[in-house]
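My entries follow in the order I made them.

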Amino acid sequence: KATVSVLYWTKKKSHSLKMPKHNNAVPRNHFRKHWNPESSQKGHIKTFFQQAQQKKARRVKRQQKAKALYPRPVSGALRPVVQACSQRYNMKSRAGRGFTLTELKAAGLCAKYARTIGVSVDHRRKNHSEESLAKNTQRLKEYLSKLILYPLQGKKKATKGPVAEATGDALKAVQQNMTKDIIAAPAAPAAEAPRDVTKEEQTRHIYNFLRAQKRNEKFVGIRLARIKRKAEKAKDDAGKKQ
């Protein structure tokens, strides 16, 4: 009789299936990348092989946009310079939605006329400081001094305003504004240069100093009113003695 030898193959225990010791994160290694944009693979891998073509396409679009907007500025309407929101970012300046009605009035404009000459208006924003009002008012005045107003097509009459329509000679020498901002925002103040610590600063208790400064700012109105009352009382007492 023929004998048949049977070989038995036993699978070795895989150490990768065992959980690692200690309280470590469960390994989740994904080695099968989804390259193809199919429904089964979803195309998670993105490639950027058309950078040069996309760069050229963006340049052509910018040129087409400038040609369509000529002679108006490419960046659109003039926007104010405002401070960013919240205490965390309020030291940074950025472009706002539009000028307030107070800023337009200080520059000699009304909201309806300002929108027709490329000035953005935001009737909801309010001025909370004299600095922002003066800064944006000066920005408007500078814009008006450089503005070249084209006459309307079809011999239509333009709305009367502080800016007169340009003549033929001025219209020939017009150059389109291609910058990101029509008028550049003022540069941020330079940081204080390093210096030696003074003797007064070395001996000063900063916590107590800041508490005193905060207290003085809080009660400045009450103290001024008190001084005023004392001066009036002293004046009345001097008048009674005479």
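I began with E103 and R125, whose side chains meet in a salt bridge at 3.0 Å, N to O. A salt bridge here is a side-chain nitrogen of Lys or Arg within 4 Å of a carboxyl oxygen of Asp or Glu. This pair links distant parts of the chain, 22 residues apart: E103 is in helix α3 (residues 101-106), and R125 is in the loop between α4 (111-116) and α5 (130-146). Helices are DSSP runs of H or I with at least four residues, strands are runs of E with at least two, and both are numbered from the N terminus.

I noted the ground rules next. The model is predicted, so local features need pLDDT of at least 70 and side-chain atom pairs count only at pLDDT 80 or more, while totals for chains, interfaces and linings use all residues. Residues are numbered from 1 along each chain as its sequence is written, and side-chain values use heavy atoms, with hydrogens and water left out.

Are E103 and R125 buried or exposed? Both E103 and R125 are buried. Buried means under 20% relative accessible area, exposed over 50%, and partly exposed in between (1.4 Å probe, protein chains only).

I then counted salt bridges and found 6 in the structure. In one of them R124 pairs with D122, with the closest N and O atoms 3.5 Å apart. R124 is exposed at 56% relative accessible area, whereas D122 is buried at 10%.

I also looked up R204, which forms a salt bridge with E200 at 3.1 Å between the closest N and O atoms. R204 counts as partly exposed at 27%, and E200 as exposed at 52%. Salt bridges that share partners join E192, R195 and E201 into one network.

Which residues form the positive surface patch? I listed R211, K214, R215, K218, R223, R226, R229 and K230. Helices α8 (206-218) and α9 (220-241) are the elements that give two or more residues to this patch. Patch residues have over 30% relative accessible area and no salt bridge, with like charges joined within 9 Å and nonpolar side chains within 5 Å. I checked R223 in helix α9; R223 is partly exposed at 34%.

My last entry is on cysteines. A disulfide is a pair of cysteine sulfur atoms within 2.5 Å, and by this rule I count 0 disulfides. C85 is exposed at 57% relative accessibility, and C110 is partly exposed at 43%.

Notes. Areas by Shrake-Rupley, 256 points an atom, 1.4 Å probe, with all protein chains shown as cover. Lys, Arg positive; Asp, Glu negative; His and termini not counted. Charge placed at Lys NZ, Arg CZ, Asp CG, Glu CD.
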